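Dear colleague,

Please find below the structure that I am handing over to you, followed by an account of what was found in it.

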Amino acid sequence: MQLELVHDALRLDRRQEALWLAYTDRLQALLSDMQRPRAVSAQGDALHRVEDRIAPLRNRLAALDQISAAAGDLYRVLDERQRGVADEMLPATVPLLADRIEMENSRNGDMRGPGGDMQQGGQRRRR
């Protein structure tokens, strides 16, 4: 969902606007991180390579926690009408890790999950 639509629907006052900006800054930081290409290392043993794949996910979880905190700060200062708007529209502004995985897979024409055993349409291959 476009942030501008949510912003316009909320009709924020000056005090609320500062909290909105804090929220959107955290969203932008996460989106930038999600768009950054990740180099997959072929160096090191399996445990180090697994850790290299997990570390960015830990960073994204921390970013999502910051987004949640900023959303809470904003939500607490909204009036009843604004909370109704936020209840309807704000959750859709948060990109999930699954969004990034789906985006990468669709770009590659690949519908595999973490185990790599999914085909187009999400059906498991017979072994």
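I begin with two residues of helix α2: W20 and Y23 both lie in this helix, three residues apart, which is about one turn of the helix. Please bear in mind throughout that the model is predicted.

A pair of aromatic rings is described by the distance of the centres and the angle of the planes. The structure holds one aromatic pair. It is formed by W20 and Y23, whose ring centres are 5.9 Å apart; because their planes stand at 45 degrees, the pair is classed as tilted. Both partners are buried: W20 has a relative accessibility of 4%, and Y23 has a relative accessible area of 0%.

Which side chain makes a polar contact with the side chain of Y23? The partner is T93, at a distance of 2.6 Å. T93 is found in the loop between α4 (80–89) and α5 (97–108), and its relative accessibility of 8% places T93 among the buried residues. A polar atom of the T93 side chain also lies 2.6 Å from the backbone oxygen of L90.

Helix α2 itself may be of interest to you. It runs over residues 14–35. With 22 residues at 1.5 Å a residue, α2 should span 32 Å, and the distance of 31 Å between its end C-alpha atoms agrees with this. The buried residues of α2 are Q16, W20, Y23, T24, L27, L30, D33 and M34. At the start of the helix, a side-chain oxygen of D13 comes to within 3.1 Å of the backbone nitrogen of R15.

Is R11 buried or exposed? R11 counts as exposed, because its relative accessibility is 57% and the threshold for that class is over 50%.

I turn next to the interior. In soluble globular proteins, nonpolar side chains tend to be buried together. Here the largest nonpolar core has 18 residues, and those with the most contacts inside it are V6, L10, L12, W20, Y23, L78 and L90. The elements that give two or more residues to this core are α1, α2, α3 and α4. Leaving aside residues up to four places away in sequence, L12 touches H7, E17, W20, L74, L78 and Q82.

By contrast, L61 is exposed, with a relative accessible area of 53%. This leucine is found in helix α3 (residues 46–76). The C-alpha atoms of L61 and L96 are separated by 9.6 Å, although the two residues are 35 residues apart along the chain.

Finally, some figures for the protein chain. Of its 127 residues, 26% count as buried. Its accessible surface comes to about 9,300 Å², of which 52% belongs to carbon and sulfur atoms. Among contacts between residues at least 6 apart in sequence, 63% join residues at least 24 apart.

With kind regards

Methods. Residues are numbered from 1 along each chain as its sequence is written. This is a predicted model: local features need pLDDT of at least 70, side-chain atom pairs count only at pLDDT 80 or more; totals for chains, interfaces and linings use all residues. Side-chain values use heavy atoms; hydrogens and water are left out. Helices (H or I, at least four residues) and strands (E, at least two) are DSSP runs, numbered from the N terminus. Buried means under 20% relative accessible area, exposed over 50%, partly exposed in between (1.4 Å probe, protein chains only). Rings of Phe, Tyr and Trp (its six-membered ring) pair if their centres lie within 6.5 Å; planes under 30 degrees apart count as stacked, over 60 as edge-to-face and the rest as tilted. The expected span of a helix is 1.5 Å times one less than its number of residues. A polar contact is a pair of N or O atoms within 3.5 Å; within protein, one must be able to donate a hydrogen and the other to accept it, and residues adjacent in sequence count only if both atoms are side-chain atoms. A nonpolar core is a set of buried Ala, Val, Leu, Ile, Met, Phe, Trp, Tyr and Cys residues joined through side-chain atoms within 4.5 Å. Contact means heavy atoms within 4.5 Å. Accessible areas come from the Shrake-Rupley method with a 1.4 Å probe; for residues, only the protein chains shown count as cover.
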